[in-house]
Every structure is written in C-alpha cells, then in structure tokens.
Amino acid sequence: MSSSTLLTPRQAAEKLGISYPALKHWILAGRIQTIKTPGGHHRIPVSALQEFLPTGSAHLGASRISGRNQLVGSLVEVKIDGLLAKVVLAIGDQRITAIITADAVRELELKPGEQAIALIKATEVMIGRP
C-alpha cells in the first residue's frame, strides 16, 4: 500500500469532520482499521474511511458529526434576513426551527424541499406529555 493511500490520524479526522481525540478513541477501541508503521504510529487507509462517510458522498471532504441527537428531515422554509436566517425542518409531522447565520445557509446551499439534518446539542433534555 503506498503512503499516498494512508493518512495520519489527524488527516483522517479532518476528512471525517471529527476531532482528533475522537478518532484516537475509535482507533484504540478498534472501530476503525489502521496500519502500524515500524515506529508504532497508526496510519489509516483511505478505504477505511468510506463506511464513516454519509451515503452518496462521493468525496472524502464530506463532513460527519460525532453528535448522536441527529434528526433527518426535509427543509420546508429557508428565509434569510440580514445576517441571520430562519430554517424550518420537517421531521414526520413535527417541525424544528433553527436560527443560524445567513452565511451558513449559503455555504450549505440550503433550499426548501432538500434533505437536511438537525443536530440537537443540549446538556439537558426535558420530557413532557402532550
């Protein structure tokens, strides 16, 4: 295997869009295939990254997120107003609204009717009854 098809852990973490410590944890847990150099350093074959990339992703620059509270849905509204944007994601018969920067909307090329992911990051989750 040539050195051009092997990545350092930092390079692999960047390609996957995860932190270096998260990738090191994956390596130590045996979650991702590595090859050890004669000096004992881990190298990751590019082919080992494929299972961690989003389906349909054709290139290794695609991002992945380590957060587990991810909800996939369809964009029903994207409204830019100045520096901010309102983004509404439909998940089943529920709606999630996020206020994000207008730059993020442009960078992600968000448009109504397309699929997107809501990542919920919170230190607390409250449960209620309807």
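Predicted model: local features only at pLDDT ≥ 70, side-chain atom pairs only at ≥ 80, totals over all residues.
Local features require pLDDT of at least 70 and side-chain atom pairs pLDDT 80 or more, whereas totals for chains, interfaces and linings use all residues. Residues are numbered from 1 along each chain as its sequence is written, and side-chain values use heavy atoms, with hydrogens and water left out.

The protein chain contains three helices and seven strands, taken as DSSP runs numbered from the N terminus (helices, H or I, at least four residues; strands, E, at least two). Their order from the N terminus is β-α-α-β-β-β-β-β-α-β. Of the 130 residues, 25% are buried, that is, under 20% relative accessible area (1.4 Å probe, protein chains only).

The largest nonpolar core comprises 15 residues, among which Leu16, Ile18, Leu23, Trp26, Ile32, Ile44 and Leu49 touch the most other members; such a core is a set of buried Ala, Val, Leu, Ile, Met, Phe, Trp, Tyr and Cys residues joined through side-chain atoms within 4.5 Å. Helix H1 (9-16) and helix H2 (20-29) are the elements giving two or more residues to this core, and H2 gives the most, with four. A second, separate core of eight residues includes Leu75, Ala85, Val105 and Ala116.

His42 lies in strand E3 (residues 42-45) and is buried, with a relative accessible area of 16%. Neighbours within four places in sequence aside, His42 is in contact with Leu7, Pro9, Lys24, Ile27, Thr34, Ile35 and Lys36, where contact means heavy atoms within 4.5 Å.

Definitions and conventions
Buried < 20%, exposed > 50% of the residue type's maximum accessible area, 1.4 Å probe, protein only.
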